[in-house]
Amino acid sequence: MKKILLSLSVVLSHVVLSLAVVLAAVSCGPRFEPFTFVHMADTQVGFFDYEPGHAVSDTLMARAVRSVNELNPDLVVICGDLVDHPDTLEHEEIFSRNLAKFIPETWLVPGNHDYMSYNRPLRDRYLAQRGYERFYFVHKGCAFIGMDSNCIKEGVEDAEAEQLEWLKARLAEASKCKHVFIFMHCPIIRQSIDEPEDYFNFPVSKRQQYIDLFKASGVTACFFGHCHQEWRTEYEGIKFLTAGSVCRALGHGYPGYGIIKVTEDGIEESYFATPVDDVPMPTVK
């Protein structure tokens with residue numbers, strides 16, 4: 001009898017262990033493998049590109065798509081401001097036509113220009129057009145979480161609270177993943193936690209709340225856009241990477257995108273600058 005009970009105990013132990021392995025696989029997907037993805041932002045078709053046809057935006061986005069396809073990364077994530085104005089059909093046509101030419105799987109999050117102002121009807125219009133405003137998936141043992149920074153930046157408390165609950169649930173799901181990556185449009189910070197609040201970063205009152213959550217959840221890096229120029233910093237063990245714009249750059253920026261190599265130990269980032277010498281870059285009017 002004791003032998004039977006011991007055998008049953010051994011069998012049950014194996015069952016429990018196997019179930020734990022299965023649940024871990026479900027929650028964080030396949031085992032980790034190194035891979036590369038592309039971090040883009042601010043395609044913003046039509047931004048300072050006023051001529052009919054928006055040839056500059058079209059040319060720069062097309063070149064970025066071609067070079068990404070040649071690089072052949074696993075994924076592309078575009079961190080918002082997809083078009084300059086969502087009501088301009090020509091902007092949408094150019095963006096959608098070029099987007100469809102990406103060979104890698106491509107994910108989007110909304111920027112401020114994709115709504116023009118945060119409210120439910122404008123958010124619903126975006127959802128009808130794009131299908132989602134946030135995402136969660138696991139790729140090669142790493143979690144990718146995309147979220148909408150517009151409600152946070154604009155102080156829409158009910159929408160932020162709803163998203164925050166969703167975010168906490170996704171971070172819990174990702175707890176067993178090798179790396180966790182966050183994507184949104186507006187940077188939490190560009191260079192430092194105590195930098196002054198302006199158009200291009202989070203309200204001071206919101207920064208530490210999200211950074212504390214991400215630190216507690218084991219987030220490796222956060223990826224942003226919005227600034228049309230590159231910024232890189234690290235705080236509380238998390239990398240904060242702001243991509244330059246695909247099209248019209250500002251400040252020290254240059255049209256292009258980030259190339260992110262994901263390794264066992266973290267990420268290695270580099271920047272691909274799109275050739276623009278033959279492109280008549282528009283000036284501000």
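Biologist: How many helices and strands does the secondary structure of the chain come to?
Modeller: The model is predicted, and the elements are numbered from the N terminus. Buried residues make up 52% of the 285 residues in the chain. The secondary structure comes to eight helices and eleven strands.

Biologist: Among contacts between residues at least 6 apart in sequence, what percentage joins residues at least 24 apart?
Modeller: Contact here means heavy atoms within 4.5 Å. Among the contacts in the chain between residues at least 6 apart, the share joining residues at least 24 apart is 70%.

Biologist: Which strands stand at the edges of the open sheet of five strands?
Modeller: The strand order is β3-β2-β1-β10-β11, and the pairing is mixed. Two of these strands have a single partner strand each, so one side of each is left without a neighbour in the sheet. Neighbouring strands are turned by 25° against each other on average, direction ignored. The edge strands are β3 (105-109) and β11 (266-273).

Biologist: In which sense do β2 and β3 pair, parallel or antiparallel?
Modeller: Strands of a sheet pair through backbone hydrogen bonds, in either sense. Strand β2 covers residues 75-79 and is joined to β3 over five bridges. In one of the pairs, V76 has T106 of β3 as its bridge partner. The sense of the β2 and β3 pairing is parallel.

Biologist: How many bridges join β10 to β11?
Modeller: β10 and β11 form a hairpin with two residues between them, and the two strands run antiparallel. Within this pairing, G256 has A273 of β11 as its bridge partner. The number of bridges joining β10 to β11 is eight.

Biologist: Which residue in β10 stands opposite F35?
Modeller: Strand β1 (residues 35-40) pairs with β10 in the antiparallel sense over five bridges. Six of the eight residues of β10 are buried, so β10 is largely enclosed by the rest of the structure. The β10 residue opposite F35 is V262.

Biologist: Which element gives the most residues to the lining of the largest cavity?
Modeller: The count comes to one cavity of 30 Å³ or more, and the largest cavity has a volume of about 50 Å³. Its lining includes Y118, R120, E133, D148, C151 and E162. α5 (120-130) and α7 (157-173) each supply at least two lining residues. With three residues, the element that gives the most is α7.

Biologist: Which helices each supply at least two residues to the lining of the largest pocket?
Modeller: The largest pocket has a volume of about 170 Å³. N112, H113, S149, N150, K153, H185, C186 and H226 are among its lining residues. The helices supplying at least two residues each are α4 (112-115) and α6 (150-153).

Biologist: Is H226 buried or exposed?
Modeller: H226 lies in the loop between β7 (221-224) and β8 (231-235). Although not a glycine, H226 has a positive phi of about 80°. Residues under 20% relative accessible area count as buried. At 6% relative accessibility, H226 is therefore buried.

Biologist: Is N72 buried or exposed?
Modeller: N72 has a positive phi of about 60° and is not a glycine either. N72 is placed in the loop between α2 (55-71) and β2. With a relative accessibility of 53%, N72 counts as exposed.

Biologist: What is the relative accessible area of T242?
Modeller: T242 is found in strand β9 (residues 238-242). Leaving aside neighbours within four places in sequence, T242 is in contact with residues including H39, P187, F224, C227 and W231. T242 is buried, with a relative accessible area of 1%.

Biologist: What distance separates the C-alpha atoms of G253 and E230?
Modeller: G253 is found in the loop between β9 and β10 (256-263), and G253 is buried, with a relative accessible area of 17%. Not counting residues up to four places away in sequence, G253 touches H228, Q229 and E230. G253 and E230 are 23 residues apart along the chain, and their C-alpha atoms are separated by 6.0 Å.

Conventions. Residues numbered from 1 in each chain as written. Predicted model: local features only at pLDDT ≥ 70, side-chain atom pairs only at ≥ 80, totals over all residues. Heavy atoms only, no water. Helix = DSSP H or I, 4+ residues; strand = E, 2+ residues; numbered from the N terminus. Buried < 20%, exposed > 50% of the residue type's maximum accessible area, 1.4 Å probe, protein only. Pairing = 2+ DSSP bridges. Axes fitted to C-alpha atoms, helices over the stretch in contact; angles between N-to-C directions. 1 Å grid on protein atoms, 1.4 Å probe; cavity = no way out; pocket = protein on both sides within 12 Å on 5 of 7 lines; lining within 4 Å. Points joined across faces, edges and corners; volume = space filled by probe spheres on them.
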